[in-house]
Amino acid sequence: MSDAVPVTGSVLPLEIVDDHMLVVLEDEVCLIDTGAPVSMGAPAIVSAELGWRVDRVLGMDELGRQAVLLDWPGRTVTFGYDIDDGDAGDVIPARPRAGLYQIEVATPVGPRWAFLDTGAPLSYGSARACAGLTSIGARRDFHPGVGVFTVEQYRMAVGIGARRFDAVFGVLPESLLRLLTIVGSDGWIIGSDVFRDRRVVLDFPNDRIVDLGT
């Protein structure tokens, strides 16, 4: 299936499974994944790891066409959201890079550009930033290209736009870090866990996201 994104103003239920955001489009369960440059059939590992049927990955070729409101607390997703309808929010610039988008993050090692990846349940930082931090436990994660892996998690004070908060980060396995290095990244990814209990507009046509808060 192609061109599955609904018409402007469509409000659909949002399912959260292990910090992955899912929406049903034309009877297919789709993973909302800003870390995928193009939409595709979901690799088998996605359904296997989530324990949930996932048919399709909804990538940036479709998510980037119009503003999309991800309402985590309300459990809805709105395609073609009207960002000019009076909502006050924190506007965060987003820059295109390698078919994806990056946002600037204030970190203990200075400002860093991180890929925004709603398909990643965990955020990732550089080994340098996590050095000296105490692990709060291991977490299992996966990537279609490298399979399943386990990383230690670290709590780190960061800033995104006007928001300052403690977030949980892992450090990418070397195999995945090499992939990011090719496009000039040093391992920073902002994952879907940062959206937890918030309303965020992905307004990629205007090179920004807008945090509407809780």
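**Pockets, cavity, core and strands**

Modeller: Start with the second largest pocket, which is lined by 14 residues, of which Ala-167, Val-168, Asp-193, Val-194 and Arg-196 lie nearest its centre. This is a predicted model, in which local features need pLDDT of at least 70, side-chain atom pairs count only at pLDDT 80 or more, and totals for chains, interfaces and linings use all residues. Residues are numbered from 1 along each chain as its sequence is written, and side-chain values use heavy atoms, with hydrogens and water left out.

Colleague: What makes a residue part of the lining of a pocket?

Modeller: A lining residue has an atom within 4 Å of a point on a 1 Å grid over the protein atoms alone; a pocket is an open set of such points with protein on both sides within 12 Å along at least five of seven lines. Here β14 (147–160) and β15 (163–170) each supply at least two lining residues, and the largest share, five residues, comes from β15. Strands such as these are DSSP runs of E, at least two residues long, and helices are runs of H or I, at least four, numbered from the N terminus.

Colleague: How does the lining of the second largest pocket divide by class?

Modeller: Into six nonpolar, one polar and seven charged residues. Ala, Val, Leu, Ile, Met, Phe, Trp, Tyr, Cys and Pro count as nonpolar, Asp, Glu, Lys and Arg as charged, and the others, Gly among them, as polar.

Colleague: Why is one space called a cavity and not a pocket?

Modeller: In a cavity a 1.4 Å probe fits but cannot get out, whereas a pocket is open, so the way out decides the name. The structure holds one cavity of 30 Å³ or more, and about 100 Å³ of space lies in the largest cavity. Its lining includes Ile-103, Ile-190, Val-194 and Ile-209, and by class has nine nonpolar, no polar and three charged residues.

Colleague: What makes a set of residues a nonpolar core?

Modeller: The set must consist of buried Ala, Val, Leu, Ile, Met, Phe, Trp, Tyr and Cys residues joined through side-chain atoms within 4.5 Å. Buried means under 20% relative accessible area, with exposed over 50% and partly exposed in between (1.4 Å probe, protein chains only). The largest core has 52 residues, and those with the most contacts inside it are Ile-103, Ile-190 and Leu-202. Its largest share, six residues, comes from β14. Apart from it lies another core, of 11 residues, among them Val-29 and Phe-142.

Colleague: Why is strand β17 called mostly covered?

Modeller: Four of the five residues of β17 (199–203) are buried.

Colleague: How do you know that β17 and β18 pair?

Modeller: Two strands pair if DSSP finds at least two bridges between them. Strands β17 and β18 (208–213) have five bridges, so they pair, in the antiparallel sense. Leu-202 has Ile-209 of β18 as its bridge partner. Strand β7 (68–71) is joined to β17 by four bridges, also antiparallel, with Asp-71 opposite Arg-199.

How values were computed: Points joined across faces, edges and corners; volume = space filled by probe spheres on them.
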